Amino acid sequence: MKNILIGACLAAFAAHAFAADPISQRKEVFKQYKPVVGAMGKMVKGDTPYNKEEFAKLAGKLDELSQQPWQYFTPGSDAGKTDAKPEIWSKPADWQKAVDNHKAATAKLKQAAQTGDLAAIKKQFADTSQTCKACHQSFRKD
Ligand code: HEC
């Protein structure tokens, strides 16, 4: 019984330690970006057939994800197992702009996805991907 209790405490502690680590949390969100953007990219390129409903679902998911990573770039989380550049904290206005550009682009992509207009979707998907790249160039170590 005692061992079970100790085990439960350790598990709770481990879960807490993980949840309290903002670096792991933001990486976790970015990892979820990957399959979503990947599946959309395939449809946009024609590698998989374009499906309006499926694409709209992915665009909605991306829009949700685009709200999430930024809260985990907390003060002091610039050191350790992270590729985040110190400029995130030393140039907060530029960082905020990169975040806002990205959120605006994903919101537009979500709207375009509702229309089923593939040409407009392609353009907006390219614009959205560009906001990922632009931010990585300025704020992520390669
Ligand atoms: C406003 C800036 C910004 C935008 C926009 C952005 N990222 Fe990132 N991304 C980062 C930073 C900073 C890191 C490094 C995080 C760390 O290591 O702490 C990162 C890390 C990642 C990672 C690696 C996660 C890991 O496991 O280490 C992936 C994958 C990723 N981003 C994908 C994307 C995709 C796809 C998009 C666009 C749909 C995107 N990102 C948009 C800033 C951004």
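Cys135 counts as buried, because its relative accessibility is 13% (buried means under 20% relative accessible area, exposed over 50%, partly exposed in between, with a 1.4 Å probe and protein chains only). Cys132 has 22% relative accessibility and so counts as partly exposed. The number of disulfides is 0, a disulfide being a pair of cysteine sulfur atoms within 2.5 Å. This is a predicted model, in which local features need pLDDT of at least 70 and side-chain atom pairs count only at pLDDT 80 or more, while totals for chains, interfaces and linings use all residues. Residues are numbered from 1 along each chain as its sequence is written, and side-chain values use heavy atoms, with hydrogens and water left out.

**Overall fold**

- The chain has 6 helices and 0 strands (helices are DSSP runs of H or I with at least four residues, strands are runs of E with at least two, and both are numbered from the N terminus).
- Along the sequence the pattern reads α-α-α-α-α-α.
- Of the 142 residues in the chain, 30% are buried.
- Take the contacts between residues at least 6 apart in sequence: 72% of them join residues at least 24 apart (contact means heavy atoms within 4.5 Å).

**H2 against H3**

- The axes of H2 and helix H3 (residues 52-65) come within 10 Å and cross at roughly 150° (axes are lines fitted to C-alpha atoms, for helices over the stretch in contact, and angles run from 0 to 180 degrees between N-to-C directions).
- H2 and H3 are therefore roughly antiparallel (angles under 35 degrees count as roughly parallel, over 145 as roughly antiparallel, 65 to 115 as roughly perpendicular and the rest as oblique).
- H2 and H3 cross in a left-handed sense (left-handed if the near helix is turned anticlockwise from the far one by less than a right angle, right-handed if clockwise).
- From H2, the contact takes in Val29, Gln32, Tyr33, Val36, Val37, Ala39, Met40, Met43 and Val44. H3 supplies Glu54, Phe55, Leu58, Ala59, Lys61, Leu62 and Leu65.
- The contact of H2 with H3 comprises 13 nonpolar, 1 polar and 2 charged residues (Ala, Val, Leu, Ile, Met, Phe, Trp, Tyr, Cys and Pro count as nonpolar, Asp, Glu, Lys and Arg as charged, and the others, Gly among them, as polar).

**H2 against H6**

- Helix H2 (residues 22-45) and helix H6 (residues 118-139) have axes that come within 10 Å and cross at roughly 140°.
- H2 and H6 are therefore oblique to each other.
- The crossing of H2 and H6 is left-handed.
- On the H2 side, Val37, Met40, Gly41 and Val44 take part. They meet Ile121, Lys122 and Phe125 of H6.
- The contact of H2 with H6 has 5 nonpolar residues, 1 polar and 1 charged.

**H3 against H5**

- H3 and H5 have axes that come within 9 Å and cross at roughly 160°.
- H3 and H5 are therefore roughly antiparallel.
- H3 crosses H5 in a left-handed sense.
- H3 contributes Lys52, Phe55, Ala56, Ala59, Gly60, Leu62 and Asp63. H5 contributes Lys103, Thr106, Ala107, Leu109, Lys110, Ala113, Gln114 and Thr115.
- The contact of H3 with H5 divides into 7 nonpolar, 4 polar and 4 charged residues.

**Residues to look at**

- Lys110 sits in helix H5 (residues 92-115). Its relative accessible area is 33%, so Lys110 is partly exposed.
- Lys110 and Ala59 are 51 residues apart in sequence, yet 4.9 Å apart in space, C-alpha to C-alpha.
- Beyond its neighbours within four places in sequence, Lys110 is in contact with Ala59, Gly60 and Asp63.
- Gln124 belongs to helix H6. Gln124 counts as buried because its relative accessibility is 11%.
- Not counting residues up to four places away in sequence, Gln124 touches Ala105, Lys108, Leu109 and Ala112.
- Ser77 lies in the loop between H3 and helix H4 (87-90). With 5% relative accessibility, Ser77 counts as buried.
- Ser77 and Ile23 are 54 residues apart in sequence and 6.5 Å apart in space, C-alpha to C-alpha.
- Leaving out residues up to four places away in sequence, Ser77 touches Pro22, Ile23, Arg26, Tyr72, Thr82 and Trp89.
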